[in-house]
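Subject: Structure handover

Dear colleague,

Here is the structure I said I would pass on. My notes on what was found follow below.

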Amino acid sequence: MAFLSSLCASDLVKIYLNDGLDAVGAAIEKELGNKDFWLEELGDKNLTLGYYDKDVVIVKTNKNDKILKVYSYTNGKIKKEFEQKEVITGLMGDKEKEGDLKTPIGFYELGAKFNPGDQYYGPFAFATSYPNLLDKVQGKTGGGIWIHGYPLDGTRLDEFKTRGCIALFNDKLEDFAKVVAGKKVYVLTEEKDSVKAKKDEIASLMADLFAWKYAWTESDVNAYLDFYDEEEFKRFDKSTFSQFASMKRVIFSRKEHKIIKFSDISISPYPNLEDEKMYRISFYEDYYTKNYQFRGNKILYVKLDKKGKMKILAEQ
């Protein structure tokens, strides 16, 4: 990681001599909320499919063009590994409910290869993580959205018969399986123009993510809550922003000493039909207070408002 943009070694030494080691850490944490630092840190990385701390594979399907492409992402470099044209998807439009025959528009994880137990789905299949948390808090229903093959008996598939799944030719499915084997795989499904992340937006989100973390660490409840969308936010238990804010004000009033660390960060563009600048942010969180500890993965679904500030829509 490049040295922090507006802090030099002499600045940190002075902070250490005057206020101690904890103050140095606090100064660095605050600097991580600086967008200019992240613009420099991101450098010339290819961020069109997002930012990832670790190597990943991204399966990108455009429902309008009927094309599925697979890209590998390694240290800011993107390479196309696979493509099939004329893939079969569900009906156009975003999936809203069970039985609407639509392929969901969004960003999901892809599970391991499995045998579906029915020749109709081809030799094997992969399950996506639909519905994700954002889908659930928005009231969307349904499930069983897979990437699979064609019936082994030669029966023709069409967009109605996939019931929202994505179907590849069986020989292509075999090639697809080799490309994604043993990898961390995400599925991005879009319908309009190709979704592309932007460096400026990624830098803003990284800065806001750490500014949100800093406010959390310092128990600055107003700064913390300002990163949430008051109208659209819903917690995983579907509590509203007002209910969530009341709970957080009580917790923050205790002024507990907190140690919060984020690692394995990924920021992915989130397709949608409303042309909102939406992203999925995931990271590993290490949280410690005297009375509560948590270690595990966390996911935020966010959008950028008109001023370019991160607003959290759902939190897992």
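Arg163 sits in the loop between β7 and β8; here helices (H or I, at least four residues) and strands (E, at least two) are DSSP runs, numbered from the N terminus. Its phi is positive, about 55 degrees, although Arg163 is not a glycine. With 43% relative accessibility, Arg163 counts as partly exposed. On that scale, buried means under 20% relative accessible area, exposed means over 50%, and partly exposed is in between (1.4 Å probe, protein chains only).

Before the rest, some ground rules. This is a predicted model, in which local features need pLDDT of at least 70 and side-chain atom pairs count only at pLDDT 80 or more, while totals for chains, interfaces and linings use all residues. Residues are numbered from 1 along each chain as its sequence is written, and side-chain values use heavy atoms, with hydrogens and water left out.

Other backbone points

Leu101 is another residue other than glycine with a positive phi, near 65 degrees. Leu101 belongs to the loop between β4 (77-85) and β5 (106-114), and at 23% relative accessibility it counts as partly exposed. The peptide bond from Tyr130 to Pro131 is cis, with omega near 0 degrees. Pro131 is in the loop between β6 (125-128) and α4 (133-137). As background, most residues other than glycine have a negative phi, and most peptide bonds are trans.

Ser129 also lies in the loop between β6 and α4. Ser129 has a relative accessible area of 30% and is therefore partly exposed. Leaving aside neighbours within four places in sequence, Ser129 is in contact (heavy atoms within 4.5 Å) with Tyr108 and Glu109. The C-alpha atoms of Ser129 and Ile145 are separated by 7.8 Å, and these residues are 16 apart along the chain.

Annotated positions

The unreviewed UniProt entry has the annotation "domain: L,D-TPase catalytic" for residues 57-188. UniProt positions are given in the numbering used here, feature names are shortened, and annotations may be inferred rather than shown by experiment. In the model, the end C-alpha atoms of residues 57-188 lie 11 Å apart, and the span is 12% helix and 34% strand.

His148 is in strand β7 (residues 146-148) and counts as buried at 0% relative accessibility. Apart from neighbours within four places in sequence, the contacts of His148 include Tyr121, Phe124, Leu157, Cys165 and Leu173. Cys165 is in the loop between β7 and β8 (166-167) and, at 3% relative accessibility, also counts as buried. Not counting residues up to four places away in sequence, Cys165 touches Ile88, Thr89, Gly90, Thr103, Gly144, Ile145, Trp146 and His148.

Helix α5

Helix α5 covers residues 170-180, and its Leu173, Phe176, Ala177 and Val180 are buried. Seen down the axis of α5, the buried residues fall within an arc of 100 degrees, so they line one face of the helix; the arc is that of the directions from the helix axis to the C-beta atoms. Asp171 and Lys178, on the other side of α5, are exposed. Just after α5, Gly182 has a positive phi of about 75 degrees.

Cavity

The count comes to one cavity of 30 Å³ or more. A cavity is a set of points, on a 1 Å grid over the protein atoms alone, where a 1.4 Å probe fits but cannot get out; lining residues have an atom within 4 Å of a point. The volume of the largest cavity is about 50 Å³, where volume is the space filled by probe spheres set on the points, and grid points are joined across faces, edges and corners. Its lining is made up of Thr103, Pro104, Tyr108, Thr128, Ile145, Ile166, Val187 and Thr189. These lining residues divide into five nonpolar, three polar and no charged. Ala, Val, Leu, Ile, Met, Phe, Trp, Tyr, Cys and Pro count as nonpolar, Asp, Glu, Lys and Arg as charged, and the others, Gly among them, as polar.

Regards

Technical notes: 1 Å grid on protein atoms, 1.4 Å probe; cavity = no way out; pocket = protein on both sides within 12 Å on 5 of 7 lines; lining within 4 Å.
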